[in-house]
There are 2 protein chains.
Amino acid sequence: MSQRQLALNAFILPTGHHIAAWRRADVPEHANHDFAEYLRVAKAAEAAKFDAVFVSDSVAAASGNGGSSLDELALTARGTRLEPFTLLAALAAVTERIGLIGTVSTTYNEPYHLARRFASLDWISGGRAGWNLVTSSAPAEALNFNQDALPEHGERYQRAEEFLDVVQGLWDSWEDDAFVHDKASGQFFDPAKLHVLNHQGAHFQVKGPLNVARSPQGYPVLVQAGSSEPGREIAARSAEAIFTAHQTLESAQAFYADVKGRLARYGRSPDELKILPGIFPVVGRTEEEAQAKYRELQELIDPRVGVNLLSGLIGADLSGYDIDGPLPPLPVTNQNQSRQALVQELAAREKLSIRELYLRIAGARGHWTVVGTPVQIADQIQQWFEHGAADGFNVLAPWLPGGLDEFIELVVPELRKRGLFRYEYAGSTLREHFGLARPDNQYVLQQEQRAAV
Amino acid sequence: MSQRQLALNAFILPTGHHIAAWRRADVPEHANHDFAEYLRVAKAAEAAKFDAVFVSDSVAAASGNGGSSLDELALTARGTRLEPFTLLAALAAVTERIGLIGTVSTTYNEPYHLARRFASLDWISGGRAGWNLVTSSAPAEALNFNQDALPEHGERYQRAEEFLDVVQGLWDSWEDDAFVHDKASGQFFDPAKLHVLNHQGAHFQVKGPLNVARSPQGYPVLVQAGSSEPGREIAARSAEAIFTAHQTLESAQAFYADVKGRLARYGRSPDELKILPGIFPVVGRTEEEAQAKYRELQELIDPRVGVNLLSGLIGADLSGYDIDGPLPPLPVTNQNQSRQALVQELAAREKLSIRELYLRIAGARGHWTVVGTPVQIADQIQQWFEHGAADGFNVLAPWLPGGLDEFIELVVPELRKRGLFRYEYAGSTLREHFGLARPDNQYVLQQEQRAAV
């Protein structure tokens, strides 16, 4: 199949992406801690030939603002779940082909740990690992890691850049053919093919080498999920896929053009970075059925949950304001800046009250909501895909497992009929699914460059 | 079966415990990074009804001393392998009953990460997780984590004690029945059953709560592997199993009596802590066959590897000394103090040269080496078990998978015949295998105590 193909990731958040999804009768009660439920979703996505499952993360139970947030958290299913990396390692052992993308923050981790774990996941999965690099944005996370407050936005991204350099240097510690396993002579590896990093930087001092061999993909696929200015820049420099949030075709197109336009400065081609917005699909066999499903979900949102969720997204406590009044003017904070701007622009553009606004964002949390028939949804996906807005999508199933099952049963066949999505996997690694090359070892490249001079 | 039963763990080090095991013809070349090989070992141990697999760790490729150690490392299979936690999470998905004990250092980690991961592993495995707490002893590890040198021994243990308090506090964040999942009212959990840790200590400031529910075992089983004075004390206070190294029955008995004697001070009974020395068994159908196997392994040790290994264990570079001369007098260092003393005592007691000494420790790294027939090995196990030296053993197979297979095929039936080891699992969690109670939630206990006053 030579036609350009959509990439599709299944986003796994237990119970699903909609804040009130857990209240649906068909959502399993114990989904947050039942591995069998996560596995069921991953197996469904794999059977449908999705590129990857994608797991988000937060290193705190409450990610909102204000002292009252634990009480409001108690009205959601968001407080607890399996740790993403543990989950993905377990899924690696019982899936065959689907990619496994896990979110890990550079703000509260050490590069040596992260490099080893993702290299190990890549080995165990046979080359299916992906790392979604985030810098964290919830104030509650800092308090679990010896800090009084979230570090500054710019500072977080500076640390992230250096963190990534260290991780990639560690992944290159061993050349691909370093291990000779010569039982007769007793030589297990060739020391000339081992490279000691000796990194000394502003944030990290890491000697190396890594104690894991270079993994099947060379580097696990690097995903990035921040759309702020420094987020775009780190993506242009290093990321291979970007998870982004847009409400309109125009916004997605502008983002797509901007980020793809930055790649040349780093000697990269536009194809080396896949732009994957989130899509929150509510599918019905008729438009009325789809709208009724969506309405039913929205009606399950407790107003306290809605206001708290909006407060978290916008970085300010809105509980003291009239729920049916307008959004008050708010300064840009130190948190997720691109998402704050998106929500404020939506409120201003459509003159929404606080209640109307949380209803608009509670489901998809700022992502693109598409409610309709399989043909209507496929039309919109095709429009974004063919008009410079997306290379594929992170599918944010409204509820799980049913919401993903419906997308797979109803929308995926429509995409296939149009030649937009694969019937079978062509490769076995996540890089192959995404059409990305395996990166060379930087030390080997340097040696080749020196030899060529 | 009411007779007291042995606990048996299978220690998984790829290629096996003997430093030269990888050179045997029957040891798979790619064992270090091939998940299928690890799984094969875990499945064999599970089929034999072992209590657990046990995975050690080091957060550096080279754990020895001196600048030349990478070249010497190249003569061993010890530089690289799968990261233990990633490995155990993957094993959790494809095993059913066997316990999964992973080593994680408190010196280079954050308690919030560790608490979440082990709670998640406990959920995924249905209550089979165990954490082997170590404080790290290899100087090379510090250099990968922004430090110039290994922190002082006492300082490491102070951090470990506080680390453990934080982790256990986080594991108790949620009462076991905190989650009500009331879809009709919209109440997901009961906020009164959520406990925020608010820890402020010398090493850590961690607010909590944990974002994982209290796991099947309450706390994953706590294993401890340091036998120094502070190691014994932390074990007496908190550990439920201790992995220790002894060469003689007398040494093991003294240790057993000492540690069990410390428990009462913490209000604990002797049964609440299982003492599990390492055993390095070389089994033959005849004694000659066993001795020949052992000799064959020993002859595979390159002298440079032997001296380097001894240097690492003893905390000093021995490469400048006459290999056939005596061990020079050495000061106690900041590293693994109990193991240093053990090795020095062995050299003095038996007047061993450096070569003789490394040959004695290269296989079992200071652990108890038993070479003989199944009856001879079972006799010695029984002696230690029945004479106050051990509650069970960590079986350090000389090579893998064959060395463990032979132990299972030849020695385990002999132990069963004597009524010392189970034919079938009686329970499903690691606590149940070890005969350990599920700990109460500390907040619930405090409430009960307050109510009783």
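Two residues are said to be in contact when they have heavy atoms within 4.5 Å. By that rule B:Q168 touches B:Y219 and B:Q442, when residues up to four places away in sequence are not counted. This is a predicted model, in which local features need pLDDT of at least 70 and side-chain atom pairs count only at pLDDT 80 or more, while totals for chains, interfaces and linings use all residues. Residues are numbered from 1 along each chain as its sequence is written, chains are lettered from A and ligands numbered from 1 in the order in which they are written, and side-chain values use heavy atoms, with hydrogens and water left out.

**Overall form of chain A**

- The secondary structure of chain A comes to 16 helices and 13 strands, where helices (H or I, at least four residues) and strands (E, at least two) are DSSP runs numbered from the N terminus.
- Chain A has a radius of gyration of 22 Å, close to the 22 Å that the globule rule gives for 453 residues, so chain A is as compact as a globular protein of that length; the radius is taken over C-alpha atoms, and the rule is 2.2 Å times the number of residues to the power 0.38.
- Along the principal axes, the C-alpha atoms of chain A fill a box of roughly 75 × 50 × 40 Å.
- Of the 453 residues of chain A, 65% count as buried, a word that means under 20% relative accessible area, whereas exposed means over 50% and partly exposed lies in between (1.4 Å probe, protein chains only).
- Among the contacts in chain A with a separation of 6 or more, 79% are made by residues 24 or more positions apart.

**How the two chains are related**

- Chain B can be laid on chain A with an RMSD of 0.0 Å by a turn of 180° and a shift of 0.0 Å along the axis, the copies being superposed by least squares on the C-alpha atoms of residues with pLDDT of at least 70 in both.
- That is the relation of a two-fold axis, and in chain B the C-alpha nearest the axis is that of B:A90, 2.0 Å from it.
- The same surface serves both copies, since 100% of the contact residues of chain B recur in chain A.

**The buried interior**

- In soluble globular proteins, nonpolar side chains tend to be buried together.
- A nonpolar core is a set of buried Ala, Val, Leu, Ile, Met, Phe, Trp, Tyr and Cys residues joined through side-chain atoms within 4.5 Å, and of the 191 residues in the largest one, A:F50, A:W131, A:L404, B:F50, B:W131 and B:L404 touch the most other members.
- Leaving aside neighbours within four places in sequence, B:W131 is in contact with residues including B:V104, B:F118, B:F163, B:W171 and B:V223.
- In helix α7 (residues 229-238) of chain A, the buried residues include A:I234, A:A235 and A:A236, and the buried residues of this helix pack against β4, α6, β9, β10 and α8 of chain A.
- B:Q168 has its place in helix α6 (residues 153-171) of chain B, and with a relative accessible area of 16% B:Q168 is buried.
- B:A364 is found in the loop between α12 (354-362) and β12 (368-372) of chain B, and this residue is buried, with a relative accessible area of 1%.
- B:A364 is in contact with B:H17, B:F280, B:T369 and B:L396, leaving aside neighbours within four places in sequence.

**Salt bridges**

- The side chains of A:R438 and A:D176 meet in a salt bridge (2.9 Å, N to O), and the pair ties together parts that are 262 residues apart in sequence, because A:R438 lies in the loop between α15 and α16 of chain A and A:D176 in the loop between α6 and β5.
- A:R438 is partly exposed, with a relative accessible area of 36%, and A:D176, at 47%, also counts as partly exposed.
- A:R431 forms a salt bridge with A:E240, the closest N and O atoms being 2.8 Å apart, and here A:R431 is buried, and so is A:E240.
- A:E289 forms a salt bridge with A:K293, with the closest N and O atoms 3.5 Å apart; being 4 residues apart in helix α9 of chain A, the two are separated by about one helical turn.

Note on methods
Salt bridge = Lys/Arg side-chain N within 4 Å of Asp/Glu carboxyl O.
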